[in-house]
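I am opening the notebook on this structure. I will go through it part by part and write down what I look up.

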Amino acid sequence: MPDSETVAIEGRNCWRRSRADEASFVVDAELYFKAFREAAKQARHSILILGWDIDSRLRLLHGDDEGHDDGYPIVLGEFLNTLAEKGVEIYILSWDFAMIYVFEREMMPLFRLDWRTSERLHFRLDGNHPVGASHHQKIIVIDDAIAFSGGLDLTARRWDTTDHIPDDPRRKDPWGYHYHPFHDVQMAVTGEAARSLGELVRKRWEQSAGSPIPDLPRGGPIWPRNLQVDMKGAEIAISRTEPEWKARKETREVENLFLDMIYDAQVYIYIENQYMTCSRIAAALAARLKEEDGPEVVIVIPRHCSGWLEETTMGLYRTRLLRTLHEADKYNRLRVYFPTTPGLEIHSKVMIVDDCMARVGSANLSNRSMGFDTECDLMVESGGRDDLEEAIIRFRNNLLGEHLGAEPESVQESCKKTGTLGGAVENIKRNTDKLESVDYERDLTEDGVIYCDTTVCDPERPISADRLVAHMLPDIEEPPARGLLSLVALLASLGALAAAWHWT
């Protein structure tokens with residue numbers, strides 16, 4: 001538990017606390033892709049990219065933005081190649097994805113992003129992780145002057161506006177297919193915080209490639225002209241998840257920071273997350289809800305998980321977690337909401353506490369994000385500074401305003417009127433149809449679910465093949481039957497792990 005005036009403590013729940021000369025919350029991919037492009041155009045020496053996925057066919061600009069001609073391409077691969085030809089060294093490290101994604105990702109990324117491009121563009125697929133795990137960090141560092149980190153990759157099916165128009169004709173993937181609305185959040189930071197994230201990327205590259213990125217000069221100040229500065233001189237806590245692997249020790253800063261933020265909350269905890277399946281997080285939230293004077297908990301999650309398989313497995317864990325929270329809610333302080341926009345995917349990983357802590361990252365509230373996949377979250381604390389508290393409040397109001405279909409000012413006014421965050425949401429949603437409260441009888445059923453043990457589907461630590469078979473195989477005395485069942489269990493285990501990749 002926190003034992004100082006600040007919740008983020010190096011060596012406990014964060015790797016480093018680094019100052020950001022400027023920082024902003026970047027909501028949704030339309031703004032993020034523009035901001036990245038504007039910042040990258042100012043690069044003089046280097047662009048470092050870590051991703052779960054990258055697609056060279058991604059269009060960074062859409063609609064009216066496509067008409068302006070600044071001399072740079074709007075398609076990612078062509079854009080990066082243009083920068084490389086101008087002398088910028090570009091290093092891209094993307095997860096060496098499972099075959100389950102072969103039809104969803106760009107084919108032959110090495111060919112498109114390495115062999116066919118400038119010699120200054122260096123691309124690698126990173127398979128340096130335990131079986132079944134994935135590299136899930138999403139970080140871009142430009143000249144060690146500015147960095148972006150959060151939940152968004154430079155890949156397909158991410159671009160959307162804050163309006164999340166159901167049938168927006170601009171929202172098409174590289175194959176020409178329309179995809180559902182998509183909501184996510186990133187942070188932009190400069191100064192020492194950007195340099196720290198650059199160090200993290202370089203470490204990952206060296207672990208994967210076996211050789212370091214050569215020393216490159218740092219650039220001057222960079223800030224995208226289209227991006228508003230939300231905070232100045234803020235200290236940013238950088239938290240990581242890294243599984244135990246070969247000589248690398250396990251790192252669970254992400255989980256520790258979640259638990260400490262929940263423990264420290266006095267008034268409210270606001271959560272946006274793609275998944276709600278982590279048992280330790282559930283226990284911590286439930287304990288706070290049982291307290292007579294504990295904080296209220298407001299959660300925005302997608303109505304459904306992605307696809308039938310995910311809905312009938314991971315969806316089961318979410319159902320059980322929400323039931324746990326509902327049963328613990330003795331004082332009616334829990335509010336859980338689904339967006340009503342058809343198909344809207346809440347992909348963000350956000351937690352805001354008491355107007356004084358705001359966190360944006362890559363980590364889902366799943367077991368695997370706590371100790372199995374690599375993750376990176378950024379958190380800012382107001383530390384008694386009015387300007388930082390106001391920035392966190394604006395961020396919260398902007399998010400809830402977007403979800404409710406209301407102006408941020410209306411959210412703030414409703415908070416003052418009702419005195420609680422949950423009360424504010426309830427007050428506004430009476431006049432809008434953008435958010436719907438979870439019906440615990442109707443929405444949290446287990447009809448049609450497939451039972452899949454979290455040890456396999458949502459593991460919190462690496463699992464050996466022997467342990468998987470031992471875990472799934474019942475004790476049978478007859479050796480021939482056991483041999484056959486061992487093979488079946490192993491195949492089932494590997495299939496479950498392959499599917500679990502899809503649930504990152």
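**Entry 1: helix α2**

Is helix α2, residues 76–85, mostly covered or mostly open? I looked it up in this predicted model. Helix α2 is mostly covered, with 8 of its 10 residues buried. I noted the buried ones: Leu76, Gly77, Phe79, Leu80, Asn81, Thr82, Leu83 and Ala84.

What covers these buried residues of α2? I found that the cover includes helix α1 (29–41). It also includes strands β2 (46–51), β3 (89–95) and β4 (121–126). After α2 comes Gly87. I read a positive phi there, near 110 degrees.

**Entry 2: Lys41**

I turned to Lys41, which sits in helix α1. Is Lys41 buried or exposed? Its relative accessible area is 15%, so Lys41 is buried, the cut-off being under 20%.

I then listed its contacts, leaving out neighbours within four places in sequence. Lys41 touches Asp70, Tyr72, Phe79 and Leu83. Phe79 and Leu83 are also among the buried residues of α2.

**Entry 3: salt bridges**

How many salt bridges are there? I get a count of 29.

I began with Arg17 and Glu235. Their closest N and O atoms are 2.2 Å apart.

I went on to Asp21 and Arg19. This salt bridge has its closest N and O atoms 3.4 Å apart. Asp21 is partly exposed, with a relative accessible area of 35%. Arg19 is partly exposed at 43%.

I finished with Arg385 and Asp387. Here the closest N and O atoms are 2.7 Å apart. Arg385 has a relative accessible area of 31%, which makes it partly exposed. Asp387 is partly exposed at 38%.

**Entry 4: the second largest pocket**

What is the volume of the second largest pocket? I noted about 400 Å³. The pocket is lined by 19 residues. Closest to its centre are Phe25, Val27, Leu31, Asp230 and Asn398.

Which element gives the most to this lining? I found that α10 does, with 6 residues. Strand β1 (16–27), helix α1 and helix α10 (386–404) each supply at least two lining residues. I also sorted the lining by residue type. It divides into 7 nonpolar, 6 polar and 6 charged residues.

**Entry 5: Gln186**

I looked up Gln186 next. Gln186 is in strand β8 (residues 185–190). Is Gln186 buried or exposed? Its relative accessibility is 0%, so Gln186 counts as buried.

Which residues does Gln186 touch, not counting residues up to four places away in sequence? I listed Ser24, Phe25, Val26, Tyr32, Lys138, Phe148, Ser149, Gly150, Gly151, Leu152 and Val360. One of these, Phe25, is also among the residues closest to the centre of the second largest pocket. Gln186 and Asp153 are 33 residues apart in sequence, and their C-alpha atoms are 9.7 Å apart in space.

**Entry 6: cysteines**

How many disulfides does a search of the whole structure find? I got 0. I also looked up how covered two of the cysteines are. Cys14 counts as buried because its relative accessibility is 0%. Cys376 has 1% relative accessibility, so Cys376 counts as buried as well.

**Entry 7: the whole protein**

The protein has 504 residues, and buried residues make up 58% of them. Its secondary structure comes to 15 helices and 18 strands.

What share of contacts joins residues at least 24 apart in sequence, among contacts between residues at least 6 apart? I noted 78%.

How values were computed:
Residues are numbered from 1 along each chain as its sequence is written. This is a predicted model: local features need pLDDT of at least 70, side-chain atom pairs count only at pLDDT 80 or more; totals for chains, interfaces and linings use all residues. Side-chain values use heavy atoms; hydrogens and water are left out. Buried means under 20% relative accessible area, exposed over 50%, partly exposed in between (1.4 Å probe, protein chains only). Helices (H or I, at least four residues) and strands (E, at least two) are DSSP runs, numbered from the N terminus. Contact means heavy atoms within 4.5 Å. A disulfide is a pair of cysteine sulfur atoms within 2.5 Å. On a 1 Å grid over the protein atoms alone, a cavity is a set of points where a 1.4 Å probe fits but cannot get out, and a pocket is an open set with protein on both sides within 12 Å along at least five of seven lines; lining residues have an atom within 4 Å of a point. Grid points are joined across faces, edges and corners, and a volume is the space filled by probe spheres set on the points. Ala, Val, Leu, Ile, Met, Phe, Trp, Tyr, Cys and Pro count as nonpolar, Asp, Glu, Lys and Arg as charged, and the others, Gly among them, as polar. A salt bridge is a side-chain nitrogen of Lys or Arg within 4 Å of a carboxyl oxygen of Asp or Glu.
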